[in-house]
Structures are given as structure tokens and as C-alpha cells.
Amino acid sequence: MVWEWCRFGAASLCFIIGIVFMILAVFGVNRFRRALNRMHAAAMGDTLGILFVFLGLILMRGFTFDSLKLFLVILFFWMASPVSGHMISRLEAMTDEELGEIQIIRKGGADMEHGKQAGKGDAGHEAI
């Protein structure tokens, strides 16, 4: 009986952690401006969220044939997500003309300028 409650508590904790990662990924996707940053937030939240939710399902169900199937789904996501993320990021890097620009902020204020190189502009600028 105690073992069942411990397993239920561990599964609930995994569910909560997975849902938190997925919710944070939603905020990350909506907060960032650039496509590569959005893609990183989505990929990390997706991968970790699915891992913890499926791990919670494995703990809740017990170690059965269904758990093996869920484990194989986790492995598939962990192998497919980096490959698809890399392909999408390469496409974005090849097609985005503004990807190489560096944002420059003046020391005295919040005025922003865009430059192709860190040294572009007068001496009052600092590259970030």
C-alpha cells in the first residue's frame, strides 16, 4: 500500500514537472522575436515536457508492456527532435538575410542601431 502511494506521488511529480516545462515553452515561443530563439524554446519544452509526462505515465502504469511502448516513444522523440530542429535551423540560417546583423547599443542611452560588424560606427558605440 505504501509503495502504491510512493509511486503515485512520483508519477504526479513527473506530471507536474512535464506540464511546467510545456507551459514555459509556450511563453518562450511567444516572448522571443527571432525564429531560432523560438525554435529553441519550443524544442526544449517539447522534449523535456514529453519526457516527464511519459515518465509519469510509466510510473503510474507500472512496468508493463505499455511502459515499454512509452519508453520507445520517448526514445523516438529524443532522436527525432534534434535532427528536425537542426534541419529547420539550417533552413532559417540560409534564408534569413538579417541573421548576421549585430545589435549595437550606445553607452549613454537606449538608442539601438544595426550594424554588420562590431566595429562599425563611431567610438561611442559598444557591440553586444
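1. A residue is called buried here when its relative accessible area is under 20%, exposed when that value is over 50%, and partly exposed in between (1.4 Å probe, protein chains only). By that criterion Ser 67, Leu 70, Ile 74, Ser 81, Gly 85 and Ser 89 are buried in helix 3, where helices (H or I, at least four residues) and strands (E, at least two) are DSSP runs, numbered from the N terminus.

2. On provenance, this is a predicted model, in which local features need pLDDT of at least 70 and side-chain atom pairs count only at pLDDT 80 or more, whereas totals for chains, interfaces and linings use all residues. Residues are numbered from 1 along each chain as its sequence is written, and side-chain values use heavy atoms, with hydrogens and water left out.

3. Helix 3 covers residues 65-95, and its 31 residues reach 45 Å from the first C-alpha to the last, close to the 45 Å expected at 1.5 Å a residue; the expected span is 1.5 Å times one less than the number of residues in the helix. Helix 2, with 27 residues, has its end C-alpha atoms 38 Å apart, which agrees with the 39 Å that it should span.

4. At the start of helix 3, a side-chain oxygen of Thr 64 comes within 3.3 Å of the backbone nitrogen of Asp 66. Ser 67, which lies in helix 3, counts as buried because its relative accessibility is 5%. Setting aside neighbours within four places in sequence, Ser 67 is in contact (heavy atoms within 4.5 Å) with Ile 58, Arg 61 and Gly 62.

5. The buried residues of helix 2 pack against helix 1 and helix 3, and those of helix 3 pack against helix 2 (35-61). The buried set in helix 2 includes Ala 41, Gly 45, Thr 47 and Gly 49.

6. Which residues make up the largest nonpolar core? The core has 7 residues in all, namely Ile 50, Leu 51, Val 53, Phe 54, Ile 58, Leu 70 and Ile 74, a nonpolar core being a set of buried Ala, Val, Leu, Ile, Met, Phe, Trp, Tyr and Cys residues joined through side-chain atoms within 4.5 Å. Helix 2 gives the most to this core, with 5 residues. Phe 54 touches Leu 70, Val 73 and Ile 74, not counting residues up to four places away in sequence.

7. The structure holds 3 aromatic pairs, counted when rings of Phe, Tyr and Trp (its six-membered ring) have centres within 6.5 Å, with planes under 30 degrees apart called stacked, over 60 edge-to-face and the rest tilted. One of them joins Trp 5 and Phe 8 edge-to-face, at 6.0 Å centre to centre and 85 degrees between the planes. These two residues are separated by about one helical turn because they are 3 residues apart in helix 1 (residues 2-31). Trp 5 is exposed at 58% relative accessibility, while Phe 8 is partly exposed at 41%. Phe 21 and Phe 52 form a stacked pair, 5.9 Å centre to centre with 10 degrees between the planes. That pair links distant parts of the chain, with Phe 21 in helix 1 and Phe 52 in helix 2, 31 residues apart.

8. A search of the whole structure finds 0 disulfides, a disulfide being a pair of cysteine sulfur atoms within 2.5 Å. Cys 6 is partly exposed at 46% relative accessibility, whereas Cys 14 is buried at 10%.

Technical notes: Polar contact = N/O pair within 3.5 Å; in protein donor to acceptor, adjacent residues only side chain to side chain.
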